[in-house]
Amino acid sequence: MVRIKQSTDCDVLIAGAGPAGAVAAFYLAGSGYKVCVLDKDRFPRDKVCGDFVGPVGLVELLRLGVTRQPAYQQSNKIFSASCYLDGGQLVSAPIPPIDGLPPFGRVIPRMQLDQWILEAAQGAGATILEGYRVKDVMLHDDAVMVVAEYGKQTSRLRARLLIGADGSNSIVARALRGHAPADHDRIVAIRAYYENVAGPHDQADLYFSGDSFPGYCWLFPTGGGGANVGVGVASQTMPKTKFALKSLLQQLIEQDHALGRRLRHARIVTKVGGWPLTTYNHRLPIVWDRVMLAGDAAGLINPLNGEGIQYALLSGRWAAHYAVQGLCHDTLAQSHLMPYARTVESELRYDMSISNMIVQLIRNRSLNPLWLRALQVIGTAAREQPGYAAVAGGVLAGLIPANNLLGQKIIWGSIKQAAISLGGEALIRSIYDPAGSMRDGFDVSKAGVKMAFDTMRNPLDSLKWGMGVTGSAAELTKQVYRDAAGRVTAKRSV
Ligand SMILES: Cc1cc2nc3c(=O)[nH]c(=O)nc-3n(C[C@H](O)[C@H](O)[C@H](O)COP(=O)(O)OP(=O)(O)OC[C@H]3O[C@@H](n4cnc5c(N)ncnc54)[C@H](O)[C@@H]3O)c2cc1C
């Protein structure tokens, strides 16, 4: 192992002590490196989140030893997921059994979860510096320097490597990329905790409504009659105020029968907290000389369902794996850290691109009747075929990897049927089976753009939407080709 140089304070600085940063710290400190984690907050701290950790995330927690915590064992298990549209149940299905994964998820308040992961990192030997806010990053030939504020003091810390795990408003990403995340890569969401919520307490619910589509609401039971309830929408479809989201949530609670049933006797017990989510944009770099991004800072959020904890845990572990190789041979140039970026891309980009495509499509509110009808088609088929229900429920609730081809067929088949029932022949031709070929992928986008122009009154909105769809369709087609070439594996390889 190449030892730390005199001119640096530690081998690795990690900005952010959330799941991504704490996991990276756990593995790096466990490999014998001197690791300092900086966080602006003091732990235990809350983080606005739905708190749902899916089966993939639970396997990562097992690796960290977090599952030995007595309170972990008491956290609420979720065995099934249900989707509702305008108060009627569309799909209800158990979490499907997948090799090597538990057939359940858990709802774990972030106040606890993040503290446990951080304790694991500390136990492995990492130093946690709380109350340190990262303000800037400077790259030098032999080190990376982080400028951080602690109260009124400014500190300069030098390390051989920096991992930016400072969340969706990442200062590290902004400093290296030179700009903040674009609006079309953002989802905005709010959540609050309720008590005295009606069961079933082992079922996670998603609620769609014609009025608020493409936004949706979730209810994740926390155990003991409590629940985490929230609403999320693509940033561009919403006025930029927390009040707009709050009133959307209130409106859904009052008007949606299914959600209303759950919350009829419930009391809100916390403030409504809001936070943006930055979704994955494959065009943006996530490694530079001596710097890597992980978790939300790298945009590793599924744009369809807002899930990000499992990606934070996975990317933190992958970042540590490649960081150890670079530190060991003192090869920390961008080119040597690229295998990390390639791992993120090969393991996650396919999932993200399918979700991105769907989100880009449903962003066009004038096509709401089509997407809502597609949800109804899924619901009808799910009631008739249990196998379909299992996969559709799994895909919609983000429990089945999107690279499951059956999932794709369900999504596209349902949109096709919905389009048939709405008489949209042109749309059928254009969007059915986008996986067919590169040419078809571009046809999808061309037809999408044309349709947007035909159906929307505001040409500027149409243009933006069409460009989003074009980009997503091209990206999805590329990923389908990669998948066909066998480069995407269902199992995580690192
Ligand atoms: C409303 C909402 C609901 C969600 N629901 C779910 C869900 O149910 N399931 C799921 O899987 N995902 C969900 N997510 C996404 C999930 O919260 C994130 O993907 C996850 O927290 C990512 O972990 P992270 O470690 O990358 O970032 P974070 O958890 O955000 O941690 C980043 C850390 O960096 C620190 N930090 C930030 N800036 C600085 C700075 N300048 N200097 C020092 N420290 C800094 C922060 O204090 C924080 O501790 C939800 C998100 C939102 C907003």
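Modeller: A residue is near a molecule if one of its heavy atoms lies within 4 Å of it. This is a predicted model, in which local features need pLDDT of at least 70 and side-chain atom pairs count only at pLDDT 80 or more, while totals for chains, interfaces and linings use all residues. Residues are numbered from 1 along each chain as its sequence is written, and side-chain values use heavy atoms, with hydrogens and water left out.

Biologist: How many residues surround the ligand, and which are the closest?

Modeller: The ligand is surrounded by 38 residues, the closest being Asp 39, Gly 50, Phe 52, Val 134 and Asp 296. For the classes, Ala, Val, Leu, Ile, Met, Phe, Trp, Tyr, Cys and Pro count as nonpolar, Asp, Glu, Lys and Arg as charged, and the others, Gly among them, as polar. On that basis the shell holds 20 nonpolar, seven polar and 11 charged residues.

Biologist: Which polar side-chain atoms lie by an oxygen atom of the ligand, and at what distance?

Modeller: A polar contact is a pair of N or O atoms within 3.5 Å; within protein, one must be able to donate a hydrogen and the other to accept it, and residues adjacent in sequence count only if both atoms are side-chain atoms. Here a polar side-chain atom of Asp 39 is 2.7 Å from a ligand oxygen, and one of Arg 110 is 2.9 Å from a ligand oxygen. The protein buries 95% of the 1,000 Å² that the ligand exposes when taken alone (Shrake-Rupley method, 1.4 Å probe).

Biologist: Where does the ligand lie relative to domain 1 and domain 2?

Modeller: Domain bounds come from an automatic or database domain assignment. The ligand lies between domain 1 (10-51 + 109-181 + 283-332) and domain 2 (183-278), because both give residues to its shell.

Biologist: What span should H8 have, and is H8 largely enclosed or open?

Modeller: Helices (H or I, at least four residues) and strands (E, at least two) are DSSP runs, numbered from the N terminus. Buried means under 20% relative accessible area, exposed over 50%, partly exposed in between (1.4 Å probe, protein chains only). In H8, 16 of the 21 residues are buried, so this helix is largely enclosed by the rest of the structure.

Biologist: Is Cys 83 buried or exposed?

Modeller: Cys 83, in strand S5 (residues 80-85), counts as buried at 2% relative accessibility.
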